[in-house]
Amino acid sequence: MSTEARSARRAHQFGRLFIYGSLIALAIFYLMPLWVMIVTSLKSLDEIYSGSFIGLPQAITFEAWEKAWGQACIGTACDGLRPYFVNSLLMVIPAVALSTAIGAINGYILTKWRFPGANFVFGLMLFGCFLPFQAVILPMAQLLGSLRLSGTIPGLVLVHTVYGISFTTLFFRNYFITIPDELTRAAQIDGAGFFRIFFSVMLPAALPIIVVSCIWQFTQIWNDFLFGVSFTAGQSSPITVALNNIVNVTMGRKQYNVDMAAAMIAAIPTLVVYIVAGRYFVRGLTAGAVKG
Amino acid sequence: MSTLEIDRVRKAYGNLEVLKEVSISIGTGDFLVLLGPSGCGKSTLLNMIAGLETVTGGEIRIAGRTVNDLSPKDRDIAMVFQSYALYPTMTVRQNIEFGMKIRKVAQADRDKAVKTASDLLQITHLLDRKPSQLSGGQRQRVAMGRAIVREPKLFLFDEPLSNLDAKLRVDMRTEIKRLHARLGTTIVYVTHDQIEAMTLATRVAVMKDGVVQQLDEPQAVYDRPANVYVARFVGSPAMNIVPALLEADGTAVIEIARRPAARIGGIALSADALRRYAGKKVLVGIRPENFSIASTGSTAPSLTIDFDVVEPTGPDTLAVFQLGGVEVTARLPPRQAHAGREAGLAVDTSKIVLFDSETETRID
Ligand SMILES: Nc1ncnc2c1ncn2[C@@H]1O[C@H](COP(=O)(O)OP(=O)(O)O)[C@@H](O)[C@H]1O
Ligand SMILES: [Mg+2]
């Protein structure tokens, strides 16, 4: 081997080393908070106050998790996060399903049943993606009031569904526009109508984007705090609001381990959703046409 | 009885007139090819026949029934698309069955229809595959299978071969012709490829800018093109269109640079046309194959020219030269033409067509 080739190889190896080194360093940096949360939630309160924040627990205990889940006091009730976790589920499941379904129908109409002004309507919907939460709160509060849904979970479902339609419509419209119009025309000639084409031809082909829409909506809605705190109170709050209350309203020594466990509990569902369906998320975002 | 009548049909998108008073009528078992360049309105017309586009004016009748306001499924038609338009998540069998399921055909009858069609198209071994697992030619067959099980009065094809590679295109062309002979169903077929039109059609409608230029048998379109546009569009290499002066006895005089003018007599013309065009400029249409090397002692009109470029294609040689100020191509037997050489060419006058130099329409 010539010296030239050898030095080129060495430069290459050094480059590799540098790349992996920086990636690992960044990964550690990003994972630091998660690490702190996990180890803190597994320590007893005494250990936290006497030892370091970052180190491994001397004695692993799930006390904090049990407390956060079932006993921590939120407001006057000391039932832990469990009822709020259930609230969040009752909110997120219908809201994700509804907003995804409506987005799918919208995308289908906007691409395959084009009507005069379709692009304008789509433009308005896009605009909805850029509307900040804050701008919606007052009118939404009024609407919920007149629908007698103020402070209820169905009210929150409505809010999230409406707010999510912009995003889901965008997803589905951009996906369906890559499906050739000839496909719907062929189905029409086969005798299929509006819904038959939607359910038999379009939806099955849209699986990747359905997954994308569900993950996106689930994450957004589950993690939402502002709508939750604005439109619900007390027993009907979603978990994010309850978490805030646990963390903020403790008397005496601050219970870091319970706070961390509570935060982990609140974060687990989105993590699970992403781990289970994340493959499809990436695939769906990058998938182009359904090459027939 | 005519199976399809297109009666002064118009189509406009807003102010844009895409089709202007198109009238076409074909009989049962006919193979009509709509031939024209991209954007001339062929697909629009086909989609109107299918019921996928609304009709702005005029009437479309299928088997004597006005279908203007019928939805596609009630028109007794089936269609094959350029992109095949197979349902991507369904198997081949489900693709073929889909229409029958919607029409609530019984399972046993569906199975029988799928079997007949797939045997005919030799796709029986592919029935459980998804479209993504098929080659272009196989997808094409499946798309045809989906159309065949419909047993329609009318098959519609929109550029079905243009996504295939050259070799496969020729094979599938033969296949479609065989299928037509076998089933005898009336077909309307859209293409921009004049060879497909010539080989497949029983009737060709040559279109340009939303107007039918000529509707006739393919050979008639080739031999007697209605105007210069059709003459140039059909045939490859295209018909040569050469300016000339028509003398009172019907001789066409064509200028040749640095040489005596060619005098081509004996062109068939009506007395009326001769009277009107005598002494006027006309356009002479000569197909490349109507030139031949002049043999000594022949009485055919001949001209002396110099070849510019010579392109052997194997079976024959294309020789390019200047005539009447334009470039002209002759199709000659191999090894008879040499670039840069002088040659005497004879012309088959019985095949010559004349066109008005202003309107560019054929003079009879
Ligand atoms: N939906 C539409 N809106 C406006 N113009 C259209 C529409 N569809 C087709 N056209 C126009 O009509 C003309 C004919 O189109 P088409 O029938 O697809 O041509 P072809 O199939 O012969 O290539 C084109 O100029 C095209 O731009
Ligand atoms: Mg077309």
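A salt bridge, as the term is used in these legends, is a side-chain nitrogen of Lys or Arg within 4 Å of a carboxyl oxygen of Asp or Glu, and over all chains the structure holds 26 of them. This is a predicted model, in which local features need pLDDT of at least 70 and side-chain atom pairs count only at pLDDT 80 or more, while totals for chains, interfaces and linings use all residues. Residues are numbered from 1 along each chain as its sequence is written, chains are lettered from A and ligands numbered from 1 in the order in which they are written, and side-chain values use heavy atoms, with hydrogens and water left out.

**View 1. Chain B as a whole.** Chain B contains nine helices and 21 strands, where helices (H or I, at least four residues) and strands (E, at least two) are DSSP runs numbered from the N terminus. The C-alpha trace of chain B spans about 80 × 45 × 35 Å along its principal axes. Of the 364 residues in chain B, 50% are buried; buried means under 20% relative accessible area, exposed means over 50%, and partly exposed lies in between, with a 1.4 Å probe and protein chains only.

**View 2. The surroundings of ligand 1.** The shell around ligand 1 includes B:Tyr13, B:Pro37, B:Lys42 and B:Thr44, a residue being near the ligand if one of its heavy atoms lies within 4 Å of it. These shell residues divide into five nonpolar, five polar and one charged; Ala, Val, Leu, Ile, Met, Phe, Trp, Tyr, Cys and Pro count as nonpolar, Asp, Glu, Lys and Arg as charged, and the others, Gly among them, as polar. Both β2 (16–27) and α1 (42–50) of chain B supply at least two residues each, and the largest share, three residues, comes from α1(B).

View 3. An oxygen atom of ligand 1 is 3.0 Å from a polar backbone atom of B:Gly41, and an oxygen atom of the ligand is 2.9 Å from a polar backbone atom of B:Lys42.

**View 4. A salt bridge between distant parts of chain B.** B:Glu53 and B:Lys11 form a salt bridge, with their closest N and O atoms 3.7 Å apart. The pair links distant parts of the chain, 42 residues apart, since B:Glu53 is in the loop between α1 and β4 (57–62), whereas B:Lys11 is in strand β1 (residues 2–13). B:Glu53 is buried, with a relative accessible area of 17%, and B:Lys11 is also buried, with a value of 4%.

**View 5. A network of salt bridges in chain B.** B:Glu5, B:Asp7, B:Arg8, B:Glu59 and B:Arg61 are linked in a network of salt bridges. Within this group, B:Arg61 forms a salt bridge with B:Glu59, the closest N and O atoms being 2.3 Å apart. B:Arg61 counts as buried at 16% relative accessibility, whereas B:Glu59 is partly exposed, with a relative accessible area of 29%.

View 6. The side chains of B:Arg178 and B:Glu175 meet in a salt bridge, with 3.7 Å from N to O. Because the two residues are three residues apart in helix α5 (residues 166–183), B:Arg178 and B:Glu175 are separated by about one helical turn. B:Arg178 is exposed, with a relative accessible area of 52%, but B:Glu175 counts as buried at 15% relative accessibility.

Notes:
Polar contact = N/O pair within 3.5 Å; in protein donor to acceptor, adjacent residues only side chain to side chain.
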